[in-house]
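Here is a short tour of one protein chain. Keep the sequence and the 3D view side by side as you read.

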Amino acid sequence: MFIDLSTSLVGRIRGGPAKISVIASGLFGSISGSAVANTAGTGSFTIPLMKKTGYSKRFAASVEAVSSTGGQFMPPVMGSAAFLIAEVLSIPFWQVALGALIPGILYYVAVFIMVDIEAVKHDIKGIDAKDIPSFKETLKKGWHLMLSPLALVFLLLYLQWSPMKAAFGAIVITLLSTFINKNNRMSVSQFFMSMKKGAVGSLETTIACACVGIVIGVINQTGLGFSISSILITLAGDNLILLLLLTMVVSLILGMGLPTVAAYLVLSVMVAPALVNLGVYPLAAHLFIFYFGIISAITPPVALASIVAAGIAEEKPLATSLSSLKLGLPGFLLPFMFVLGPELVLEGTTIGIVTSVITAILGIYLLAIAIQKYFIRHLKIWESTIFGLTSLTLLYPGITTDIIGISITLIFSLYIWKTKEKLPKQKLKSGDKIIESSTQSIGG
């Protein structure tokens, strides 16, 4: 249903298949809790479709891996680790979900812009209208499938039930919703099979939490967690930017290959206190390590989501991982943005939050231009470098840097527009004859 809805929304527009992947992976990933499962689930459909419409194997696999990984940033479920963040910080779950909402949306805005620019560069069209499912018909056939996730959001955010109570209610609603449509109605054997799969599936999280609990106990008893935090602060010399960089590296290393829950539990004990001790807003600090623990799924050398996507696309794993790293670069900057500017996690005034979101979107757009080296025409290295540096002034919070960034953007965009290739006449010699020809600009 998620794929059909995404196809009906963006399938017709340029680069449609890649945009389907972005939206469908965000929807499915927000409830699946696994970047690898998300990649395998939606990628088996979207990657062949992207290849068919003109995207390279490497780019198709990278889009799916990056999009699937970001699903765990999106509320309401967020790979189930959001419930642990609420537990560790002793705050309501809805506060965590709302705090993670804007960064999650910005992540997908960044990926969406990247695939759109790629479509412009290579003139990739959308899907034929005859292959687009009807949005109305899709909802008519599958609306009942949305009852349980919507009920979970309602119970958690509106009624503010505990996660366990809300999850139990959502399960009951899921079972009841299967009787609405005969195509989804479970038989008695299927019901008991689902009970079995649920019990077996819970073992992975149970064992991970139990083992991590042992690790956390050892860390607390030996004082290792405090030592690591002290070492990070000492190395950073009370420099927040340097501490964030060191924390990013530690989070990426500890997050490699670990399930989301296990990665967060380890990092929350060993790394988060170092950020909080330097005055970082606690929710922003925990979301920071949470993000990088997840982004390790597309970070070489252990990039599990990229490896799975590469297998589906029949591409080399390392090449796909490096391409995913490039495509997901804006996602690496987002955690720095909401730590330095907590307005992005809804900590601040309304005007401050709105301003931060607008400048963040503009900064992400400029960064995408710099990475793709394209803005109404192909860019030279020095031109893309200027766009990249300008994006940092907008991504860094502050009125002064925002004014500087916007000013440079306006001036340099005007320069690019004025210097756009114009169909100049060239004179070419062929023997004794002069041949006049015109060269056409690329894209536009």
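## The nonpolar core

The largest nonpolar core has 105 residues, and Leu287, Phe288, Phe290, Phe338 and Phe387 touch the most other members. Such a core is a set of buried Ala, Val, Leu, Ile, Met, Phe, Trp, Tyr and Cys residues joined through side-chain atoms within 4.5 Å. H6 gives the most to this core, 16 residues. Another core lies apart from it, with five residues, among them Val10, Ile20, Leu49 and Ile132.

This is a predicted model: local features need pLDDT of at least 70, side-chain atom pairs count only at pLDDT 80 or more, and totals for chains, interfaces and linings use all residues. Residues are numbered from 1 along each chain as its sequence is written, and side-chain values use heavy atoms, with hydrogens and water left out.

Helices (H or I, at least four residues) are DSSP runs, numbered from the N terminus.

Contact means heavy atoms within 4.5 Å. The table leaves aside neighbours within four places in sequence.

| Residue | In contact with |
|---|---|
| Phe288 | Leu244, Thr247, Met248, Leu275, Pro335, Phe336, Phe338, Val339 |
| His286 | Ile85, Val88, Leu89, Tyr264, Ser268, Ala272 |
| Ala303 | Ser296, Ala297, Ile298, Ser321 |

His286 is found in helix H15. Is His286 buried or exposed? His286 counts as buried because its relative accessibility is 5%. Buried means under 20% relative accessible area, exposed over 50%, and partly exposed in between (1.4 Å probe, protein chains only).

Ala303 is found in the loop between helix H15 (282-295) and helix H16 (304-313). Its relative accessibility is 0%, so Ala303 counts as buried. Ala303 and Ser321 are 18 residues apart in sequence, yet 6.3 Å apart in space, C-alpha to C-alpha.

## The second largest pocket

Rolling a probe the size of a water molecule over the atoms shows where empty space is left. On a 1 Å grid over the protein atoms alone, a pocket is an open set of points where a 1.4 Å probe fits, with protein on both sides within 12 Å along at least five of seven lines; lining residues have an atom within 4 Å of a point.

The second largest pocket has a volume of about 420 Å³. Of its 23 lining residues, Leu27, Ser30, Met74, Pro75 and Pro76 are the closest to its centre. Helix H2 (16-32), helix H6 (93-121) and helix H8 (147-158) each give two or more residues to the lining. The largest share, eight residues, comes from H6.

How values were computed:
Points joined across faces, edges and corners; volume = space filled by probe spheres on them.
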